Amino acid sequence: MDRSRLRWLLGATAVLLLVRSPAGAQETLEEAQERLDHARAEVEALEPGVEALSRRYAELQHVADEAAAALVDAYLAQTDVEARVAAARSLLNERADAVYRAGPAAFVDVLLGSESLGDMVVRQEMIQGALTQGVGDAAEAMAERQDILVLRGQIEERRRELAERQQELAELRTIMEIRLAEARAKADAAEEDLEALERQLFGAASLEGRYLELIQADGELGGLLQLLGPDGGRGCEIPPALEATGRTFSGEASFYGEEFAGNPTAIGHIFNPALFTAAHRTLPLPSFLHVQYGQRCATVLLNDRGPYVDGRILDLAEGPAMYLGLPGVGIIHAEILAPVQPVPVVRAEGE
(Lines give C-alpha, C1' and ligand atoms only; values in the text may rest on other atoms or scores of the structure.)
Protein backbone atom coordinates (compact mmCIF):
# COMPACT_ATOMS: atom_id res chain seq x y z
CA MET A 1 0.00 0.00 0.00
CA ASP A 2 1.51 3.40 -1.03
CA ARG A 3 2.28 6.22 1.40
CA SER A 4 -0.50 8.52 0.10
CA ARG A 5 -3.02 5.78 0.87
CA LEU A 6 -1.66 5.36 4.39
CA ARG A 7 -1.81 9.12 5.00
CA TRP A 8 -5.38 9.24 3.77
CA LEU A 9 -6.41 6.39 6.07
CA LEU A 10 -4.96 8.20 9.09
CA GLY A 11 -6.68 11.42 8.10
CA ALA A 12 -10.01 9.70 7.58
CA THR A 13 -10.01 8.15 11.03
CA ALA A 14 -9.00 11.46 12.61
CA VAL A 15 -11.90 13.18 10.83
CA LEU A 16 -14.31 10.52 12.07
CA LEU A 17 -13.21 10.99 15.67
CA LEU A 18 -13.53 14.75 15.39
CA VAL A 19 -16.99 14.51 13.88
CA ARG A 20 -18.09 12.24 16.71
CA SER A 21 -16.47 14.34 19.44
CA PRO A 22 -18.73 15.38 22.37
CA ALA A 23 -18.47 19.04 21.48
CA GLY A 24 -19.66 18.31 17.97
CA ALA A 25 -17.68 21.34 16.77
CA GLN A 26 -15.54 19.36 14.30
CA GLU A 27 -12.57 21.45 15.47
CA THR A 28 -9.23 20.72 13.85
CA LEU A 29 -5.86 20.81 15.53
CA GLU A 30 -5.05 24.02 13.65
CA GLU A 31 -8.27 25.67 14.85
CA ALA A 32 -7.68 24.54 18.44
CA GLN A 33 -4.09 25.79 18.34
CA GLU A 34 -5.26 29.10 16.86
CA ARG A 35 -7.82 29.47 19.65
CA LEU A 36 -5.14 28.70 22.26
CA ASP A 37 -2.71 31.18 20.68
CA HIS A 38 -5.41 33.86 20.67
CA ALA A 39 -6.19 33.25 24.35
CA ARG A 40 -2.50 33.32 25.28
CA ALA A 41 -2.05 36.56 23.31
CA GLU A 42 -4.94 38.07 25.24
CA VAL A 43 -3.28 37.09 28.52
CA GLU A 44 0.05 38.52 27.35
CA ALA A 45 -1.65 41.76 26.32
CA LEU A 46 -3.40 42.16 29.68
CA GLU A 47 -0.54 41.26 32.00
CA PRO A 48 1.61 44.38 31.32
CA GLY A 49 -1.41 46.63 31.91
CA VAL A 50 -2.16 45.05 35.26
CA GLU A 51 1.50 45.21 36.25
CA ALA A 52 1.71 48.88 35.21
CA LEU A 53 -1.39 49.68 37.23
CA SER A 54 0.04 47.85 40.20
CA ARG A 55 3.28 49.82 39.95
CA ARG A 56 1.37 53.10 39.62
CA TYR A 57 -0.80 52.14 42.57
CA ALA A 58 2.33 51.38 44.63
CA GLU A 59 3.82 54.74 43.67
CA LEU A 60 0.67 56.58 44.69
CA GLN A 61 0.54 54.54 47.88
CA HIS A 62 4.10 55.66 48.68
CA VAL A 63 3.22 59.31 48.03
CA ALA A 64 0.06 58.92 50.10
CA ASP A 65 2.08 57.40 52.93
CA GLU A 66 4.45 60.36 52.80
CA ALA A 67 1.49 62.77 52.85
CA ALA A 68 0.00 60.92 55.79
CA ALA A 69 3.35 61.09 57.63
CA ALA A 70 3.57 64.81 56.91
CA LEU A 71 0.04 65.22 58.20
CA VAL A 72 0.96 63.40 61.42
CA ASP A 73 4.00 65.66 61.77
CA ALA A 74 1.77 68.69 61.22
CA TYR A 75 -0.62 67.45 63.91
CA LEU A 76 2.29 66.97 66.31
CA ALA A 77 3.73 70.39 65.50
CA GLN A 78 0.31 71.95 65.96
CA THR A 79 -0.01 70.23 69.32
CA ASP A 80 3.38 71.55 70.36
CA VAL A 81 2.58 75.08 69.20
CA GLU A 82 -0.82 74.98 70.87
CA ALA A 83 0.92 74.04 74.13
CA ARG A 84 3.30 76.95 73.67
CA VAL A 85 0.37 79.25 72.83
CA ALA A 86 -1.42 78.12 75.97
CA ALA A 87 1.69 78.81 78.04
CA ALA A 88 2.10 82.17 76.34
CA ARG A 89 -1.48 83.10 77.08
CA SER A 90 -0.98 82.17 80.71
CA LEU A 91 2.18 84.29 80.80
CA LEU A 92 0.43 87.25 79.22
CA ASN A 93 -2.37 86.94 81.72
CA GLU A 94 0.16 86.85 84.55
CA ARG A 95 2.01 89.91 83.16
CA ALA A 96 -1.21 91.80 82.68
CA ASP A 97 -2.24 90.97 86.24
CA ALA A 98 1.18 92.06 87.57
CA VAL A 99 0.99 95.36 85.71
CA TYR A 100 -2.49 95.91 87.01
CA ARG A 101 -1.45 95.13 90.58
CA ALA A 102 1.70 97.19 90.38
CA GLY A 103 -0.01 100.21 88.91
CA PRO A 104 1.67 103.67 89.10
CA ALA A 105 2.96 102.93 92.61
CA ALA A 106 5.66 100.67 91.25
CA PHE A 107 7.20 103.49 89.25
CA VAL A 108 6.90 105.88 92.24
CA ASP A 109 8.79 103.31 94.34
CA VAL A 110 11.43 103.15 91.66
CA LEU A 111 11.72 106.93 91.60
CA LEU A 112 11.93 107.27 95.36
CA GLY A 113 14.24 104.33 95.86
CA SER A 114 16.71 105.34 93.17
CA GLU A 115 19.94 106.97 94.22
CA SER A 116 20.48 108.53 90.83
CA LEU A 117 18.80 109.05 87.50
CA GLY A 118 20.82 106.25 85.97
CA ASP A 119 19.83 103.93 88.76
CA MET A 120 16.20 104.84 88.18
CA VAL A 121 16.44 104.08 84.44
CA VAL A 122 18.03 100.71 85.14
CA ARG A 123 15.35 99.76 87.67
CA GLN A 124 12.56 100.84 85.32
CA GLU A 125 13.97 98.77 82.47
CA MET A 126 14.19 95.74 84.76
CA ILE A 127 10.54 96.11 85.74
CA GLN A 128 9.44 96.50 82.12
CA GLY A 129 11.58 93.54 81.07
CA ALA A 130 10.07 91.39 83.78
CA LEU A 131 6.57 92.41 82.75
CA THR A 132 7.14 91.87 78.99
CA GLN A 133 9.39 88.77 79.09
CA GLY A 134 8.04 86.00 76.84
CA VAL A 135 5.40 88.20 75.22
CA GLY A 136 7.27 88.18 71.88
CA ASP A 137 7.61 84.39 71.94
CA ALA A 138 3.91 84.10 72.63
CA ALA A 139 3.09 86.31 69.64
CA GLU A 140 5.38 84.23 67.40
CA ALA A 141 3.72 81.03 68.63
CA MET A 142 0.31 82.46 67.80
CA ALA A 143 1.45 83.28 64.24
CA GLU A 144 3.11 79.84 63.86
CA ARG A 145 -0.12 78.18 64.92
CA GLN A 146 -1.93 79.86 62.01
CA ASP A 147 0.76 78.69 59.57
CA ILE A 148 0.43 75.11 60.80
CA LEU A 149 -3.34 75.21 60.43
CA VAL A 150 -2.91 76.29 56.78
CA LEU A 151 -0.30 73.57 56.20
CA ARG A 152 -2.51 70.92 57.78
CA GLY A 153 -5.40 71.94 55.52
CA GLN A 154 -3.18 71.62 52.45
CA ILE A 155 -1.89 68.21 53.51
CA GLU A 156 -5.41 66.95 54.23
CA GLU A 157 -6.56 68.12 50.78
CA ARG A 158 -3.62 66.35 49.14
CA ARG A 159 -4.35 63.20 51.06
CA ARG A 160 -7.99 63.27 49.96
CA GLU A 161 -6.97 63.64 46.32
CA LEU A 162 -4.53 60.75 46.61
CA ALA A 163 -7.16 58.60 48.30
CA GLU A 164 -9.59 59.27 45.43
CA ARG A 165 -6.92 58.47 42.86
CA GLN A 166 -6.00 55.30 44.71
CA GLN A 167 -9.64 54.26 44.70
CA GLU A 168 -9.90 54.80 40.94
CA LEU A 169 -6.72 52.84 40.31
CA ALA A 170 -7.84 50.05 42.64
CA GLU A 171 -11.17 49.73 40.78
CA LEU A 172 -9.45 49.75 37.38
CA ARG A 173 -6.88 47.23 38.54
CA THR A 174 -9.65 44.99 39.90
CA ILE A 175 -11.43 45.08 36.54
CA MET A 176 -8.24 44.27 34.68
CA GLU A 177 -7.40 41.47 37.13
CA ILE A 178 -10.86 40.00 36.51
CA ARG A 179 -10.32 40.23 32.75
CA LEU A 180 -6.88 38.68 33.14
CA ALA A 181 -8.29 35.83 35.23
CA GLU A 182 -10.97 35.23 32.59
CA ALA A 183 -8.35 35.29 29.82
CA ARG A 184 -6.15 32.85 31.75
CA ALA A 185 -9.14 30.57 32.32
CA LYS A 186 -9.93 30.76 28.62
CA ALA A 187 -6.31 29.93 27.76
CA ASP A 188 -6.31 27.01 30.22
CA ALA A 189 -9.56 25.69 28.72
CA ALA A 190 -8.20 26.08 25.18
CA GLU A 191 -5.03 24.25 26.18
CA GLU A 192 -7.07 21.44 27.74
CA ASP A 193 -9.21 21.20 24.59
CA LEU A 194 -6.09 21.10 22.42
CA GLU A 195 -4.54 18.38 24.58
CA ALA A 196 -7.78 16.38 24.47
CA LEU A 197 -7.91 16.77 20.69
CA GLU A 198 -4.28 15.69 20.38
CA ARG A 199 -5.02 12.66 22.56
CA GLN A 200 -7.98 11.82 20.33
CA LEU A 201 -5.86 12.09 17.20
CA PHE A 202 -3.05 10.11 18.80
CA GLY A 203 -5.56 7.44 19.71
CA ALA A 204 -6.92 7.55 16.17
CA ALA A 205 -3.45 7.15 14.76
CA SER A 206 -2.74 4.24 17.10
CA LEU A 207 -6.03 2.59 16.20
CA GLU A 208 -5.42 3.20 12.52
CA GLY A 209 -1.95 1.75 12.88
CA ARG A 210 -3.46 -1.48 14.16
CA TYR A 211 -5.93 -1.47 11.28
CA LEU A 212 -3.13 -0.88 8.79
CA GLU A 213 -1.19 -3.79 10.20
CA LEU A 214 -4.24 -5.98 9.64
CA ILE A 215 -4.77 -4.58 6.16
CA GLN A 216 -1.15 -5.11 5.22
CA ALA A 217 -1.28 -8.59 6.66
CA ASP A 218 -4.38 -9.26 4.55
CA GLY A 219 -3.02 -8.93 1.03
CA GLU A 220 -6.48 -9.25 -0.48
CA LEU A 221 -7.98 -6.27 1.39
CA GLY A 222 -4.93 -4.13 0.68
CA GLY A 223 -5.08 -5.01 -3.00
CA LEU A 224 -8.81 -4.28 -3.21
CA LEU A 225 -8.41 -0.89 -1.53
CA GLN A 226 -5.69 -0.02 -4.04
CA LEU A 227 -8.36 -0.21 -6.75
CA LEU A 228 -10.14 2.78 -5.18
CA GLY A 229 -7.42 4.97 -6.65
CA PRO A 230 -4.89 7.45 -5.26
CA ASP A 231 -7.64 9.47 -3.51
CA GLY A 232 -8.94 6.43 -1.69
CA GLY A 233 -12.38 6.56 -3.30
CA ARG A 234 -12.98 10.29 -3.02
CA GLY A 235 -14.39 12.29 -5.90
CA CYS A 236 -16.72 11.80 -8.83
CA GLU A 237 -14.03 10.49 -11.18
CA ILE A 238 -14.10 6.72 -11.55
CA PRO A 239 -10.73 5.28 -10.43
CA PRO A 240 -8.48 4.15 -13.31
CA ALA A 241 -8.50 0.51 -12.18
CA LEU A 242 -12.34 0.36 -12.36
CA GLU A 243 -14.87 0.95 -15.12
CA ALA A 244 -18.60 1.73 -15.28
CA THR A 245 -21.04 -1.10 -16.07
CA GLY A 246 -24.17 0.96 -16.62
CA ARG A 247 -26.00 -1.03 -13.92
CA THR A 248 -27.43 1.47 -11.45
CA PHE A 249 -29.83 1.54 -8.53
CA SER A 250 -31.19 4.17 -6.11
CA GLY A 251 -32.64 4.00 -2.65
CA GLU A 252 -32.28 4.70 1.02
CA ALA A 253 -28.81 4.34 2.54
CA SER A 254 -27.48 4.55 6.08
CA PHE A 255 -24.07 4.10 7.70
CA TYR A 256 -22.40 2.10 10.45
CA GLY A 257 -19.29 2.99 12.37
CA GLU A 258 -17.17 2.57 15.49
CA GLU A 259 -19.55 0.26 17.29
CA PHE A 260 -18.57 -2.42 14.75
CA ALA A 261 -14.89 -1.50 14.49
CA GLY A 262 -12.56 -4.51 14.74
CA ASN A 263 -15.27 -7.03 13.89
CA PRO A 264 -14.90 -9.21 10.79
CA THR A 265 -16.99 -8.30 7.76
CA ALA A 266 -18.97 -10.89 5.81
CA ILE A 267 -16.02 -11.36 3.49
CA GLY A 268 -13.66 -11.84 6.43
CA HIS A 269 -11.94 -8.44 6.45
CA ILE A 270 -11.57 -6.55 9.73
CA PHE A 271 -14.03 -3.65 9.67
CA ASN A 272 -12.50 -0.18 9.87
CA PRO A 273 -15.11 2.63 9.81
CA ALA A 274 -12.62 5.04 8.23
CA LEU A 275 -12.17 2.94 5.07
CA PHE A 276 -14.33 3.53 1.99
CA THR A 277 -16.26 0.27 2.28
CA ALA A 278 -19.96 -0.62 2.31
CA ALA A 279 -22.43 -3.42 2.90
CA HIS A 280 -25.07 -4.73 0.48
CA ARG A 281 -27.50 -7.60 0.90
CA THR A 282 -27.10 -9.40 -2.41
CA LEU A 283 -24.30 -8.11 -4.63
CA PRO A 284 -21.24 -10.34 -4.95
CA LEU A 285 -18.37 -9.82 -2.53
CA PRO A 286 -16.09 -8.12 -3.26
CA SER A 287 -17.72 -5.58 -5.55
CA PHE A 288 -17.30 -1.88 -6.21
CA LEU A 289 -19.89 0.90 -6.27
CA HIS A 290 -19.79 4.50 -7.43
CA VAL A 291 -22.13 6.27 -4.98
CA GLN A 292 -23.60 9.75 -5.38
CA TYR A 293 -25.36 11.75 -2.65
CA GLY A 294 -26.33 15.29 -3.55
CA GLN A 295 -23.40 16.85 -5.40
CA ARG A 296 -20.72 14.54 -3.95
CA CYS A 297 -19.47 11.17 -5.11
CA ALA A 298 -17.42 8.32 -3.67
CA THR A 299 -16.19 4.92 -4.80
CA VAL A 300 -16.56 2.16 -2.22
CA LEU A 301 -15.60 -1.49 -1.82
CA LEU A 302 -18.46 -3.86 -1.00
CA ASN A 303 -17.09 -6.33 1.55
CA ASP A 304 -19.97 -6.81 3.99
CA ARG A 305 -23.66 -7.73 4.19
CA GLY A 306 -26.44 -5.39 5.21
CA PRO A 307 -28.26 -3.22 5.98
CA TYR A 308 -30.79 -5.24 7.97
CA VAL A 309 -33.44 -2.55 8.15
CA ASP A 310 -36.45 -2.80 5.82
CA GLY A 311 -36.42 -0.28 3.01
CA ARG A 312 -32.67 0.37 3.04
CA ILE A 313 -30.45 -0.81 0.20
CA LEU A 314 -26.95 0.18 1.28
CA ASP A 315 -24.98 0.58 4.50
CA LEU A 316 -21.91 2.78 4.09
CA ALA A 317 -18.96 2.76 6.45
CA GLU A 318 -18.74 5.97 8.43
CA GLY A 319 -15.77 7.31 6.43
CA PRO A 320 -17.48 7.56 3.02
CA ALA A 321 -20.78 8.57 4.67
CA MET A 322 -19.14 11.56 6.34
CA TYR A 323 -17.32 12.42 3.12
CA LEU A 324 -20.60 12.41 1.19
CA GLY A 325 -22.33 14.41 3.91
CA LEU A 326 -24.89 11.70 4.60
CA PRO A 327 -26.58 12.86 7.83
CA GLY A 328 -27.79 9.44 8.91
CA VAL A 329 -30.24 8.16 6.34
CA GLY A 330 -30.61 9.53 2.81
CA ILE A 331 -31.38 8.65 -0.79
CA ILE A 332 -28.30 7.70 -2.82
CA HIS A 333 -27.72 6.79 -6.47
CA ALA A 334 -25.17 4.07 -7.19
CA GLU A 335 -23.56 2.45 -10.19
CA ILE A 336 -21.84 -0.93 -10.10
CA LEU A 337 -18.22 -0.77 -11.23
CA ALA A 338 -16.11 -3.57 -12.57
CA PRO A 339 -12.35 -3.97 -12.21
CA VAL A 340 -10.40 -3.53 -15.41
CA GLN A 341 -8.50 -6.69 -14.37
CA PRO A 342 -10.45 -9.64 -12.86
CA VAL A 343 -10.66 -9.87 -9.06
CA PRO A 344 -11.30 -13.20 -7.29
CA VAL A 345 -14.75 -13.38 -5.71
CA VAL A 346 -14.86 -14.57 -2.09
CA ARG A 347 -18.24 -15.82 -0.98
CA ALA A 348 -19.51 -15.02 2.52
CA GLU A 349 -20.16 -17.87 4.89
CA GLY A 350 -23.51 -19.50 4.28
CA GLU A 351 -23.88 -18.22 0.69
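Glutamate 243 lies in strand β1 (strands are DSSP runs of E of at least two residues, helices runs of H or I of at least four, both numbered from the N terminus). The model is predicted: local features need pLDDT of at least 70, side-chain atom pairs count only at pLDDT 80 or more, and totals for chains, interfaces and linings use all residues. Residues are numbered from 1 along each chain as its sequence is written, and side-chain values use heavy atoms, with hydrogens and water left out.

At 41% relative accessibility, glutamate 243 is partly exposed (buried is under 20% relative accessible area, exposed over 50%, partly exposed in between; 1.4 Å probe, protein chains only). Its C-alpha atom is separated by 5.3 Å from that of alanine 338, 95 residues apart along the chain. Neighbours within four places in sequence aside, glutamate 243 contacts Ile238, Ile336, Leu337, Ala338 and Pro339 (contact: heavy atoms within 4.5 Å).

Three aromatic pairs occur in the structure. Rings of Phe, Tyr and Trp (its six-membered ring) pair if their centres lie within 6.5 Å; planes under 30 degrees apart are stacked, over 60 edge-to-face, and the rest tilted. Tyrosine 256 and phenylalanine 271 are stacked, because their ring centres are 4.5 Å apart and their planes lie at 5 degrees. This pair links strand β1 (residues 242-256), which holds tyrosine 256, to the loop between β1 and β2 (277-279), which holds phenylalanine 271. Tyrosine 256 is buried at 7% relative accessibility. Phenylalanine 271 is buried at 2%. Tyr256, Phe260 and Phe271 form one aromatic cluster.

Phenylalanine 276 and tyrosine 323 have ring centres 5.8 Å apart and planes at 50 degrees, so this pair is tilted. Here the loop between β1 and β2 provides phenylalanine 276, and helix α6 (residues 318-324) provides tyrosine 323, 47 residues apart. Phenylalanine 276 is buried at 2%, and tyrosine 323 at 19%. The charged end of arginine 296 sits over the ring of tyrosine 323, 4.2 Å from its centre (criterion: NZ of Lys or CZ of Arg within 6 Å of the ring centre and within 35 degrees of the ring normal).

A nonpolar core is a set of buried Ala, Val, Leu, Ile, Met, Phe, Trp, Tyr and Cys residues joined through side-chain atoms within 4.5 Å. The largest has 31 residues, of which Phe288, Leu289, Val291, Leu314 and Leu316 touch the most other members. Elements supplying at least two residues each include α5 (219-226), β1, β5 (312-317) and α6. Another core, of 14 residues, lies apart from it and includes Leu46, Leu60, Leu162 and Ala183.
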